[in-house]
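Subject: Structure for your files

Hello,

Here is the structure I said I would pass on. My notes on it follow below.

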Amino acid sequence: MTDTALEAVLRRDRAVVAAALVVIAVLAWAYVLWLAADMSMPATPAQAGGDMAGMNMSDPSTMDMSGMDMPGMDMGEAVAPAFRAWAAADFGFIFAMWAVMMVGMMTPSVAPMLLLYAGVGRKAAASGRTIASTGWFFSGYLLVWIGFSLAATGAQWLLARLALLDPMMATNSGILGGVILIAAGIYQWTPMKGVCLSQCQAPIAFLTRHGGFRTAPLGALRLGIAHGAYCLGCCWALMALLFVGGVMNVLWIAAIAILILLEKTVPTGRALPRISGAVMVATGVWLLAGAG
């Protein structure tokens, strides 16, 4: 590549980063949509008949449902093993699903920070200084959410083991759903939420408080981890709501992702989290009342 061509690419660094983020988010969402569509696809009559063939309905010993494929659960053995004990492959598949979903949900909200990083990197290179690439920072950010995905997989395993999840990975307990909503709503009002959200809403302020950009890749990776930690502190309770509406409910996933994006990018201060928190608490109380 000639120097002129390289300079042309560098001048478009923000566009390149933006395009890469769009591709990453689209691929992640496409994967989630594919999983949700496959889970909702009804089984064919032949498949349903095959599952029931040879079953003596009068013999209770033949009524163990733990190993049979359920209608509409083409990927149930891998995606929602709610009717049997998990194998290692189940845990790995669910972990991968959570990790990809977190990438799809969180990439749009971190885009302003990444675009700022790319723009500053270009100006630093033009002045003879260099900072570590945006990819190192983004990798650190994603590492935090991959760690969260591991914890979420563990939580899903526990809920499945306690028979508290339906095939769409939503809680089948009104009491548990109400408790999660109330807890998430209260967290929206806490000082911890405010501190973490302020770091996400103001990328320049975050960089100033944390010593600015890094020249070494490892330093940029740690800076990305720090930003991801604030983001996790801001959003973990909202992610817990996935167990209320369904981890494979695409509309519910999109609603949570939009709320996160609005909280971080729309200049409403603490108003939006507090309004949404009040709605969550009210909905949780209503669920608990109905469950009682």
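The buried residues of helix 8 are covered by, among others, helix 7 (174-187), helix 9 (203-209), helix 10 (217-240), helix 12 (250-265) and helix 13 (271-291). Please keep in mind that this is a predicted model. Helix 8 itself spans residues 191-201, and its buried positions are Lys193, Gly194, Cys196, Leu197, Gln199 and Cys200.

**Two helix pairs**

Two of the helices that cover helix 8, helix 7 and helix 13, also pack against one another, at an angle of about 160° and with their axes 7 Å apart. An angle over 145 degrees counts as roughly antiparallel, so helix 7 is roughly antiparallel to helix 13. Their crossing is left-handed. On the helix 7 side, the contact is made by Gly174, Ile175, Gly177, Gly178, Val179, Leu181, Ile182, Ala184, Gly185 and Ile186. Helix 13 brings Gly277, Met280, Val281, Thr283, Gly284, Val285, Leu287, Leu288 and Ala291 to it. By class, the residues of this contact are 12 nonpolar and seven polar, with no charged ones.

The other pair is helix 6 (134-161) and helix 10 (217-240). Their axes come within 6 Å and cross at roughly 40°, which makes helix 6 oblique to helix 10. Here the crossing is right-handed. The contact of helix 6 with helix 10 has 18 nonpolar and five polar residues, and again no charged ones.

**The nonpolar core**

The largest nonpolar core has 56 residues. Helix 5 (residues 88-126) gives the most to this core, with 12 residues. Which residues have the most contacts inside the core? They are Trp98, Met105 and Leu242. In soluble globular proteins, nonpolar side chains tend to be buried together.

**A backbone point to check**

Most residues other than glycine have a negative phi. Ala163 is not a glycine, yet has a positive phi of about 60°. Where does Ala163 sit? Ala163 is found in the loop between helix 6 and helix 7. Is Ala163 buried or exposed? Its relative accessibility is 51%, so Ala163 counts as exposed, the cut-off being over 50%.

Regards

Methods. Residues are numbered from 1 along each chain as its sequence is written. This is a predicted model: local features need pLDDT of at least 70, side-chain atom pairs count only at pLDDT 80 or more; totals for chains, interfaces and linings use all residues. Side-chain values use heavy atoms; hydrogens and water are left out. Buried means under 20% relative accessible area, exposed over 50%, partly exposed in between (1.4 Å probe, protein chains only). Helices (H or I, at least four residues) and strands (E, at least two) are DSSP runs, numbered from the N terminus. Contact means heavy atoms within 4.5 Å. Axes are lines fitted to C-alpha atoms, for helices over the stretch in contact, and angles run from 0 to 180 degrees between N-to-C directions. Angles under 35 degrees count as roughly parallel, over 145 as roughly antiparallel, 65 to 115 as roughly perpendicular and the rest as oblique. A crossing is left-handed if the near helix is turned anticlockwise from the far one by less than a right angle, and right-handed if clockwise. Ala, Val, Leu, Ile, Met, Phe, Trp, Tyr, Cys and Pro count as nonpolar, Asp, Glu, Lys and Arg as charged, and the others, Gly among them, as polar. A nonpolar core is a set of buried Ala, Val, Leu, Ile, Met, Phe, Trp, Tyr and Cys residues joined through side-chain atoms within 4.5 Å.
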